[in-house]
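Hello,

Here is the structure I promised to hand over. Please open it beside this email and follow along.

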Amino acid sequence: MNPLRRFGQLSSAFRVPLMVMLLMTAVSIVLSERVLTRLSQNQEAYLEGLAGSYLDGIAASVSPSVLRQDSWEVFDVLLRMKPQRAAIQPRETVITDANDIILASDKPDAHPTLERMDAEFQMEFSEGRMRLDTVSQLAFMARSINHNEEVIGKAYVVFDASYLLNERREVLLTLLLTNALLTMLLVAIGFFVVRRMVLPMQILEIHLQKAASGGLEPISDSEFPGAGGEAKRIFGAFNHLVKSEKGREELVDRLTKEERMASLGRIASGMAHEINNPLGGLLNAADTLEKHGHREKVRFETIDLIKRGLLGIRDVVQAALVTYRPERSSRMFTTKDLEDVALLLKPELTSRTQELIISSSPSICSFDGLPAGPMRQAIMNLVLNASNASPHGADIVLCVNQSKDAIYLEVRDAGEGLPGAVGEILTAPIKSGIPDGMTGLGLWVVRQIADELGATLSVKPNNPNGTIIEIVIPRRPLEVIHAAA
Amino acid sequence: MPSSNREKFKSRRAFNLYLATLVLAPGNVLSQTQNSTTIRFGLTPVFLNDDVQLLLVIKNYLEIATGYTIELTTRRTYQEITSLLVSGQLDAAWICGYPFVKFENELEILAVPEWNGKPLYQSYLITKFDREASRLSDLRGDIHAFSDPDSNSGYLVTTALLQENGLSADTFFKKTLFTYSHRNVIRAVASGLVQSGSVDGYVWEVMREIDPGLVAGTKIVKKSDWFGFPPIAVIKRFGQTQQANALKRALLSSSETEAGRAMLDYLRLTGFVDANPTLFDSVKRNIDRLGGLL
């Protein structure tokens with residue numbers, strides 16, 4: 001893996017201290033480099049100054065002897081002028097005449113008297129400047145010997161620069177060691193300080209991640225005993241948020257239960273109405289049987305009437321069972337469920353002199369195993385919502401269509417349109433809370449079911465007025481749908 | 001210049017020295033000295049004239065032994081000391097046999113040191129210790145170090161030897177140079193600055209004792225015949241003065257007193273003797289041999 005990506009994936013508790021460490025190391029390297037460069041420059045200038053002084057002295061002292069070509073005098077001067085205790089020691093000094101013939105050297109065996117100067121040795125010297133060879137730890141410098149502005153010879157000196165170079169090495173080692181120790185110390189301090197600084201954020205991050213996966217919990221004092229100041233305020237705010245959210249969840253639960261109870265009341269009322277009508281007929285039929293049961297024709301007709309009445313009651317009871325006790329029925333959604341919905345909602349709609357018009361494509365024969373319970377619940381909630389929104393006497397239209405990729409359900413009403421906040425319950429990318437002022441949870445439950453089925457909801461205006469709410473349910477493998485159910 | 005005087009100066013160098021003497025010597029120098037309580041004593045670089053301790057030892061002994069204040073004078077070259085002596089600016093001087101012979105008409109011997117019991121010494125031809133050289137001919141083409149142009153052992157002997165063999169220093173050696181001290185000849189040879197040198201045998205032997213590290217860098221190629229040891233000389237006019245007599249007595253009796261023995265020990269000498277000028281006949285022969293070449 002790319003080291004940068006790996007670094008990016010590290011926790012901030014490690015990443016930030018590591019960055020501090022890298023920064024301090026970089027600063028340390030830059031500082032060390034600058035100090036050493038400056039030291040080298042100073043040392044070389046110092047060395048050049050010393051060498052220049054030595055050469056000036058040599059040149060002035062040997063000048064008369066060079067003029068007389070007196071090798072002994074030159075040699076004697078070289079030996080007498082050799083410094084015994086100095087920062088730099090001349091290792092070799094060679095004096096030549098103007099024709100590069102050696103007059104004398106303090107190392108006559110290496111530079112024989114009256115021989116021509118060795119060209120290779122001469123190459124070591126740069127004109128006018130000192131040259132420092134850090135490998136051999138030698139410095140080379142040459143100077144002309146003048147008399148009456150005429151060059152009469154030249155002095156070549158090789159200095160032992162090991163003292164200065166050793167000093168430079170010692171400074172380098174000391175610097176590196178000190179910087180390394182200081183950097184390590186500061187890095188360690190920085191690491192722990194920054195780590196402690198980012199720890200509250202890390203704790204907060206863990207709790208937020210838990211909250212995202214449904215485990216919203218407050219931050220206890222035991223998790224960060226030393227929390228104070230800013231961290232304490234952040235944790236306090238988070239805990240306050242958690243408390244509010246939990247209260248909100250409890251409220252939603254309570255509202256959901258109340259909604260179910262209200263819905264149950266309405267359905268029970270409708271059922272009572274549905275059962276009450278045939279019951280009246282059944283009682284009449286019972287009276288008829290009692291009075292005219294001996295007449296075969298009347299008996300058969302009455303019994304048939306009783307049967308139809310009882311079947312009607314059975315249908316109503318079964319529809320209620322499938323809708324409100326879905327766990328007892330894991331069957332799949334069919335077109336029959338549309339009729340059940342119509343049957344169940346009929347009393348509610350009738351009370352508002354409304355009618356549910358179901359427009360279903362005749363070719364639909366399969367809903368790909370969609371679960372009947374959630375589908376019926378969602379359709380009922382949408383139709384009830386449409387009924388509530390529409391004026392008395394309006395028609396509610398339920399359209400069911402399909403394509404090879406999806407099943408489309410549309411509920412159209414003739415109301416004044418869905419309020420924006422309520423519409424967001426259905427269409428917002430992330431399921432939001434229940435908006436203030438909302439009287440029921442019907443649409444919130446629809447969104448929940450849609451999410452479980454992987455369906456998308458859309459809201460658009462109905463012509464000439466009202467709202468169309470559409471559910472697009474993508475076709476999926478059966479097992480996925482069963483899992484959602 | 002009269003012809004008798006012309007003969008007296010056996011070389012151009014001696015003549016020049018004579019001229020210098022005339023310039024440097026005021027007429028009343030001697031008369032002042034004769035009444036003085038000071039003896040002006042000159043030292044040539046025959047030995048370690050740059051050794052301060054040695055100068056103190058000599059001064060100390062001579063002052064005790066003569067009763068006079070000794071004023072020591074050293075110079076870089078033999079010629080300077082000889083000029084001062086001949087011109088009367090020095091009362092006595094330890095000079096080499098060669099300038100003594102050159103100015104034997106003006107000078108007389110006060111005393112001659114004895115080395116190993118004899119007032120004699122040799123000249124050595126030396127070279128570097130690790131060099132394959134055992135005779136004069138092996139030194140051909142060398143850069144050669146002489147001590148002083150007025151030194152018998154450090155110049156005259158080798159020059160005369162070459163002359164004897166039909167050679168000359170200018171052609172036999174690649175180059176010659178003067179170090180103006182026997183000790184410096186040894187240093188020049190030992191260091192490799194020159195390949196060979198002519199040195200006083202007495203100085204070489206004594207240096208071998210007191211600075212064996214330096215002398216170990218050299219070896220003897222050839223020893224010369226024996227010559228009269230460099231004498232303590234005075235100008236003849238001074239020779240009969242009380243100071244001269246006191247100085248002579250002090251030198252001749254130096255082995256008899258502790259301070260004298262201390263001086264002799266320092267110099268590695270056995271004593272001083274009264275000697276005849278014929279002691280330097282061998283030097284004179286070499287001068288004669290070289291004739292006008294000097």
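First, a term: two strands pair if DSSP finds at least two bridges between them. Keep in mind that this is a predicted model.

**The sheet in chain A**

Leu132(A) has a bridge partner in E4(A), namely Ala139(A). Three bridges join E3(A) to strand E4 (residues 138-147) of chain A, and the two run antiparallel. They belong to an open sheet of five strands, in the order E2-E1-E5-E4-E3 (chain A), with antiparallel pairing. Strand E2 (102-105) and strand E3 (131-133) of chain A stand at the edges. Each has a single partner strand, so one side of each is left without a neighbour in the sheet. From one strand to the next, the twist averages 20 degrees. Strands of a sheet pair through backbone hydrogen bonds.

A helix also belongs in this picture. H3(A) lies across strand E1 (89-97) and E2 of chain A. H3(A) runs at about 30 degrees to E2(A).

**Backbone points to check**

- Gln69(A) is not a glycine, yet its phi is positive, near 60 degrees. Gln69(A) sits in the loop between helix H2 (12-68) and helix H3 (71-81) of chain A. Is Gln69(A) buried or partly exposed? Gln69(A) is partly exposed, because 16 other C-beta atoms lie within 10 Å, and buried takes 20 or more.
- Tyr180(B) also has a positive phi, near 60 degrees. Its loop runs between strand E8 (175-178) and helix H9 (182-191) of chain B. Tyr180(B) is buried, with 24 other C-beta atoms within 10 Å.
- The peptide bond from Asn463(A) to Pro464(A) is cis, with omega near 5 degrees. Pro464(A) lies in the loop between strand E9 (456-461) and strand E10 (467-474) of chain A.

Best wishes

Definitions and conventions:
Residues numbered from 1 in each chain as written. Chains lettered and ligands numbered in written order. Predicted model: local features only at pLDDT ≥ 70, side-chain atom pairs only at ≥ 80, totals over all residues. Helix = DSSP H or I, 4+ residues; strand = E, 2+ residues; numbered from the N terminus. Buried ≥ 20, exposed ≤ 12 C-beta atoms within 10 Å, placed from the backbone. Axes fitted to C-alpha atoms, helices over the stretch in contact; angles between N-to-C directions. Contact = placed C-beta atoms within 7 Å.
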